[in-house]
Amino acid sequence: MNNLLILPLLLPVICALVLVFTRKNSLLSRILSIGTMCVSTLISVYLLIHVMRTRPLVLDFGGWRAPFGIQFVGDTLSLLMVTTSSFVVTLIIAYGFGRAEKRAIRYYLPSFILFLTTGVVGSFLTADLFNIYVMFEVMLLASFVLVTLGQSVEQLRAAIIYVVLNIIGSWLLLLGIGLLYKLTGTLNYALVAQRLDDMKDASSVVIIAIIFLVAFGSKAALVLFMWLPKAYSVLNTELAAALFAALMTKVGAYALIRFFTLMFNDHPEITHELLVVLACITMLIGAFGVLAYTNIKKIAAYQVILSIGFIILGLGSHTFSGVSGAIFYLANDIVVKTLLFFIIGSLVYMSGRQHYSYLHGLAKREPFFGVAFIIMIFAIGGVPPFSGFPGKIYIFKGAIENGNYIGLALMIITSLLAMYSLFRIYFKMYSGHSAEGERVEFNPLQGYRKWLIGILTTVVLVMGLAAPLLFKVTDQATKMNMNPDNYTKLVNPHLLKEAHKR
């Protein structure tokens, strides 16, 4: 059973290599990539159910037990993220490559999407510090290609900002790993958490925690958001934009949740208060961004930033409810942001424009989009019974338990502003006047893309209605990660025995 843990990572990378040789046959490439991700998703679901019923899965490569060997751990947190990510990547690939499909295949886009997926899945599953750095770099190298695909001047300018900030973030991550290794003498999550728990030098631990906060925060667009709006608005295909929105910032948010519950949880009066402050700033940045633009791609990009603020606010509360809500909202946001960028990408495809002024009359012609759009708005705003509501309620509860009323007020206000910014687009689709009186001839959207948007819309409804079931997963993940001894007992019990001997 433990050996199955490698498959969600191994299948995409093998398929990515195979697609290099099948790129001239677009139909075969699509069948292989969709089939691979379907199998990977089913395996991930099976592993998640198994772990919920039994205990975490641990894979020690080469038979070398921690802390000496490379270790993958499939607990409820990592497998929830792997399952959700694999599912949305399957739909993203099925959605297709839009108007740039032929050029995208010629530039090996399917392979780079799967390489990026490999890095994302590996980041979720790895249980040692150096390998999370390696997986982040695999993900980022693939994303660099996706950002520059098309070679326009705007893309190259955006790519410079994107690459520079991510290189700085990677350097800080490597610095933090080196300092943490020097302090603890190990790279394994469980043993690092255990040894940090025994540390008397609080100042060193706090400094290293802040380094990791900045490093992962730059990946998650936590305050350091400058790379995100430009990169998202110039991506050459609707598929790439949906992929970035669904996964890129979420890996950084996952890493913050993992590290600041399992390892850096002994000085919350400094580390977690700082997380709350940064979350509030991020929410304000996102709110200003969604109101400032008429470009629907940029509005969608700032929606991504706004949601990161919500997630980190839950983490910063340092309460069971807040962390569980943050995990739930993280999984939900992967799905909702995929839906958002599917819809936004479809609007751009049909109108040929990126400004919502040109969408007048579209919803009357395509009423399906009116329904999907309103469900998406309510999910983003946290309106019951849609999927954004349960996670936000738990984050609210965590903020109240922690006495963080400013963060709570900001979350409510910015949620309303997020809904307002999308309602502007929605009402323009139904009424209003086209920009400068220009009449836009809408391109028809392929039927299978409507089906995919319908599937995601249904999932958003189901996640809201099935929240009690999903909270069993997030509560178990929270219980395990907020207690380092419990994590070590379930994942590496031999390390706990050694600690007791000392």
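Visitor: Are Phe 124 and Tyr 254 buried or exposed?
Guide: Welcome! This is a predicted model, where local features need pLDDT of at least 70, side-chain atom pairs count only at pLDDT 80 or more, and totals for chains, interfaces and linings use all residues. Residues are numbered from 1 along each chain as its sequence is written, and side-chain values use heavy atoms, leaving out hydrogens and water. By relative accessible area (buried under 20%, exposed over 50%, partly exposed in between; 1.4 Å probe, protein chains only), both Phe 124 and Tyr 254 are buried.

Visitor: How many aromatic pairs are there?
Guide: Rings of Phe, Tyr and Trp (its six-membered ring) pair if their centres lie within 6.5 Å; planes under 30 degrees apart are stacked, over 60 edge-to-face, the rest tilted. By this rule, the number of aromatic pairs is 26.

Visitor: What kind of pair do Phe 124 and Tyr 254 make?
Guide: Their ring centres are 4.8 Å apart. The planes meet at 80 degrees, so the pair is edge-to-face.

Visitor: How many residues apart in sequence are the parts that Phe 124 and Tyr 254 tie together?
Guide: Phe 124 belongs to helix α5 (residues 109–125), while Tyr 254 belongs to helix α11 (residues 238–262). Helices here are DSSP runs (H or I, at least four residues) and strands likewise (E, at least two), numbered from the N terminus. The pair therefore ties together parts whose separation in residues is 130.

Visitor: Phe 368 and Phe 369 form a pair too; which of them counts as buried?
Guide: This pair is edge-to-face, with 5.8 Å from centre to centre and 80 degrees between the planes. Phe 368 has 29% relative accessibility, so it counts as partly exposed. At 0% relative accessibility, the buried residue is Phe 369.

Visitor: Which residue lies over the face of Tyr 95?
Guide: A charge sits over a ring if NZ of Lys or CZ of Arg is within 6 Å of the ring centre and within 35 degrees of the ring normal. At Tyr 95 the distance from the ring centre is 4.5 Å. The residue placed there also lies over the face of Tyr 349, at 5.7 Å from the ring centre. It is Arg 449.

Visitor: What share of the chain do buried residues make up?
Guide: The secondary structure comes to 22 helices and two strands. Of the 502 residues in the chain, the buried share is 61%.
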